[in-house]
Amino acid sequence: MNASFRYFFYYFSVYRRRIYLGIFLSVCFSIIGPLKPKIIQLILDETVKTVEFTVIYLLIGLFLLVTILETAIRYKFQLYTAEFSQQIVMNLRNELFDKIIHLPQRYFDQTKVGILATRTISDVETINDLLTNTFFSLITDFLTIFIVLGFMFYIDVPLTLMSLLVLPFVIILTYVFKEQNRKLNHVIRRVIGELAGFIQENLRGLKIIKAYRAEDFQNQKHQDLVKDFYDANFKTIKSFSWFLPLMEIAVTLSTIFFICLLAYRTSTLQSIDIGKVSAFVLYIQMLYRPIRFIADRFNVVQSSVVALERIYEMLQLKTEDTSYRLELKEIKGTIKIENLSFCYQDKFPIINNVTLNIPSGKTTAIVGNTGSGKTTLINLILRLYDGYDGRITLDDVNIQEYHLNRYRQAFSVVNQDVFILSGTILENLQFGNLNITEQGVLDMINTMNLQGILSGFEDGLSQKISANSGSLSFGQRQVISIFRAILQQKQIIVLDEATASIDSNTEALIQRMMGLLMKDKTALVIAHRISTIVDAHQIVVMNQGRIEAIGTHEVLLEKSEVYQQFFERILEK
Ligand code: ATP
Ligand code: MG
């Protein structure tokens, strides 16, 4: 048994008792259904034979009883299996999301895994289909076929054989249909995935598309994708449109064959067995109905196997290592970096033998050209990536030894590209930290005299904002993200300043907020603002992954040529 099957075998075995009961119920109604034609046969036989009405009434009563029982069991069964199938699906979804959100950043730098992650979420839908519509139905279908055959043979062997004449043909037909559909299903699934990705990407980049007048170009791409979708869907419908009528013909042929034999018998024996005829007509219908669905159900089983394997693969991925249990208690906030080297994808080092002391309670500014490795350095300090050479310590303990969650909780982070969630401003400020209340935020705004934060928002803190950049100006986004960091009140501040410039009012507000944010904290700032740079306790000049020079503004202006050039460029802006 392969590993993914073993995994899910145990996974599903938690629901063992419910699965058994589900199977039991499906067995029940596979048996009860085929009883009905038999009862009809008995009723008709009695009617023809006797004038004994009590037996007929009894049989009709039995028929009613069986029908009610069948309906009741079907109702119970459907409710029951749906309930626990949905539970399994819900758990799987939660587990997967939990997994994905805890995967190391590195996984998402490689788009392949990123796609795998989202695709796996849609794979759960296949499992849903398997559990709600397929698994138990397959059992019922097969059992029904065998039990109906059993009844038919029991009633009349030659008649049964006669009606089964077309069966080989039906089996071949079903197989061909199944194969055709499997391939089409595959195409449809792929195109749906691509289409969803395409639309999402385009909506996100809509401004650029408009700016470049690329609407027609994107439209064409979209049309091509949709055409694939159309073709595959149309082919599926076509394959159904030949399969279902052919199955209908098969049923008719079966009926004709057995009527031929019946006609022959009637002519020789001079009598016709009405009961048998009725039962057989019903049984033939009952026999071929499940066969019609089996093809489709097998396809679901097949794609479920693939889906389960992918889900398994995802669940087996290693999440961020949270095994080191060293707690962070009193954080002084001294960070030391010793001989640090790092590459993203094994090629050239992005950080090259960096050694740096970041003193507690002071501001360290990092400057350097684009691509010199500033953000990367911060990513390493935040433990977004591991697998580097050298050592990073916080308060003289290797950062790898801290419990990851506790460790990250020591930081307030303001990113280069501000992340806004869809929701209210308050929710964006809380960012999961419910200790921050609306009143608390308002008090903070008043005591710090930061009323400017809410200017432009009619509804104040409860103003709804949307995740895409549409509803907020660049300055507003920055203000929110810096205020978010202030509210978190962490000992260490990590700030990747955005480069774009903003109006002087907002700029003044932001500078004041930065001052408040970094006051008495260990602050590590990738700086682009003159004020931040000049006021910093020490400035680190980075160049192509190395540290070019360290010092205060005055010292560096004298000592470092790279810094001089850098500073001139900032002044020009
Ligand atoms: P900027 O001032 O433009 O923000 P930076 O100094 O912050 O630049 P980094 O983002 O650290 O620069 O990038 C340094 C180098 O690492 C760049 O050459 C970049 O292409 C590369 N790089 C950054 N992130 C990744 C990643 N996730 N995978 C691979 N390479 C990366
Ligand atoms: Mg950067």
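Me: Is R408 buried, partly exposed or exposed?
Reply: In this predicted model, R408 is partly exposed, with a relative accessible area of 26%.

Me: Which side chain does R408 meet in a salt bridge?
Reply: R408 meets E320, at 2.7 Å from N to O. The pair links distant parts of the chain, 88 residues apart. E320 lies in the loop between α10 and β1, while R408 belongs to helix α12.

Me: And E320, buried or exposed?
Reply: E320 counts as buried, at 15% relative accessibility. The cut-off for buried is under 20%.

Me: Different topic. How many salt bridges are there in the whole structure?
Reply: A search of the whole structure finds 18.

Me: What about K227, which residue does it form a salt bridge with?
Reply: K227 pairs with D231, and their closest N and O atoms are 3.1 Å apart.

Me: Where do K227 and D231 sit?
Reply: Both are in helix α9, which covers residues 215-269. They are 4 residues apart, so about one helical turn separates them.

Me: Which residue does E248 meet in a salt bridge?
Reply: E248 meets R292, with 3.6 Å from N to O. E248 is in helix α9 and R292 in helix α10, 44 residues apart, so this pair links distant parts of the chain.

Me: How accessible are R292 and E248?
Reply: R292 counts as buried, at 18% relative accessibility. E248 is at 36% and counts as partly exposed.

How values were computed
Residues numbered from 1 in each chain as written. Chains lettered and ligands numbered in written order. Predicted model: local features only at pLDDT ≥ 70, side-chain atom pairs only at ≥ 80, totals over all residues. Heavy atoms only, no water. Salt bridge = Lys/Arg side-chain N within 4 Å of Asp/Glu carboxyl O. Helix = DSSP H or I, 4+ residues; strand = E, 2+ residues; numbered from the N terminus. Buried < 20%, exposed > 50% of the residue type's maximum accessible area, 1.4 Å probe, protein only.
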